[in-house]
Amino acid sequence: MIGRYSTPSLQKVGILYRIIAHKKRVVNRHHHSASPPIATCFPQTLQVEKESQHNWNVGSLLLLRTARLPLVGFRGTISLIVLLAVLHRVPDKQCEKGGDNLALTVAHAPGKVILFGEHAVVYGRPAVAVPVQDVQAMAMVEDAPLGSGITVVADDLNHTFNLLDVPRDDPLRVIVSATLARLGVGMQVDLKITVSSTIPIARGLGSGAAISTAIARALGKHQGQWLTSRAISDLAFETEKIYHGTPSGIDNTVIAFEKPVFFVKDKIRDVFWVRRPFQLVIGDTGIASPTKVAVKDVRDAWQQDRERYEEIFDEIGTLAHMGREAIEVGDVEAIGRLMDANHKLLRLIKVSSPELEGLIQAARQGGALGAKLAGAGRGGNMIAVVTSETVGPVSMMLRLAGAKNVIVTEIR
Ligand code: MEV
């Protein structure tokens, strides 16, 4: 493309032109996007009026020429670098608080399901989990008026509060303060954080970890800092301790990495590839079941009969290994069989429920290759592996059996 410009100086003007055109495209994208209606300002994007941006760019080129800065040779390259550096500064400046435009940053995080190994994973056995992009948590961070502190708006709960007014161990306070500390920013900032989610709460789909992940991502972006998936996962883990009591860490890991993971507590977090994408139907019993309660009940039972529970956990761990292998070789029938086997063991540790059993049976009657509860159990969601022929009948059977919601998702 650059070859279209014949001389070195024209080549440089061409490069500049294309950079400016790209920046304008970014601006346009945000100006024309349907949502949110307010200006959007990501660290790499601009929050300026198209017109003034254009004028500024043209102006900077004129300035370069007026200042008789060279456009050819080594010195030309230096002036190009200088101009690029100046151009690069524009978005940061425009995003700074205190101007007419207050900065706003949005981030998302998906839900998750555990395919194999829930509960046993708390006891050091492996588990396999995948993200579910069909449900999402969203966090929006905005600069707020000076002195207003940190306000959280929980959209779904119709609840607005100042972060310092809630207990220190409130999960939202924990994720915000931990993230700001990680970013090297104290709590003395003025921000409005709006959270909302399509992930049902306490149904085994990772709503808590997804909200925390979305907040950590949005705060990081808002401060113009890059947080790795690992850092975000570790931050979200701090809130998982509040939600779950003794969490394994699998939920925050799969949600922050947004990839299928093979996970062993404190040891392994392998992201792995799905050889042949397969379909899952997720059926919701409509019953909220806090993970903390189910995890505690399993712990109490384990303390009373360690030998038996350890054996069951070992068997579940073996299924998780086999499940990963089946996914990696693309053996969808085997995935279904292994899920059935995993569910039998989950029943033995008493985390199923009549409602889950009803949906799992319905899915099998509809032709699912296999089905199991997913997550803490006792309520929440179940999952079934289906083919393109059985996805319809299984979804229908689940609804007829009383599922409050049915999601079809592809695991890839
Ligand atoms: C919850 O999604 C999964 C459990 O195994 C708890 C945990 O791993 O922390 C039940």
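I take exposed to mean a relative accessible area over 50% and buried to mean one under 20%, and I apply these cut-offs to what is a predicted model.

**Positive phi outside glycine**

I looked up Asn 158 first, in the loop between β3 and β4, and found a phi near 55°, a positive value in a residue other than glycine. Because its relative accessible area is 76%, I note Asn 158 as exposed.

I then turned to His 119, which sits in the loop between β1 (104-116) and β2 (127-143) and has a positive phi of about 70° although it is not a glycine. With a relative accessible area of 5%, His 119 is buried.

**Helix α4**

I followed α4 over residues 171-182, twelve residues in all, and noted a reach of 16 Å from the first C-alpha to the last, close to the 16 Å expected. At the N-terminal end I found Asp 170 as the cap, with a side-chain oxygen 2.8 Å from the backbone nitrogen of Leu 172; after the helix comes Gly 184, whose phi is positive, near 80°. The buried residues of α4 include Leu 172, Arg 173, Thr 179 and Leu 180, and I see the buried residues packing against β3, β4, β5, α5 and α6.

**Val 406**

I located Val 406 in strand β11 (residues 405-411) and recorded it as buried, at a relative accessible area of 12%.

Note on methods:
Residues numbered from 1 in each chain as written. Heavy atoms only, no water. Helix = DSSP H or I, 4+ residues; strand = E, 2+ residues; numbered from the N terminus. Expected span 1.5 Å × (residues − 1). Buried < 20%, exposed > 50% of the residue type's maximum accessible area, 1.4 Å probe, protein only. Contact = heavy atoms within 4.5 Å. Polar contact = N/O pair within 3.5 Å; in protein donor to acceptor, adjacent residues only side chain to side chain.
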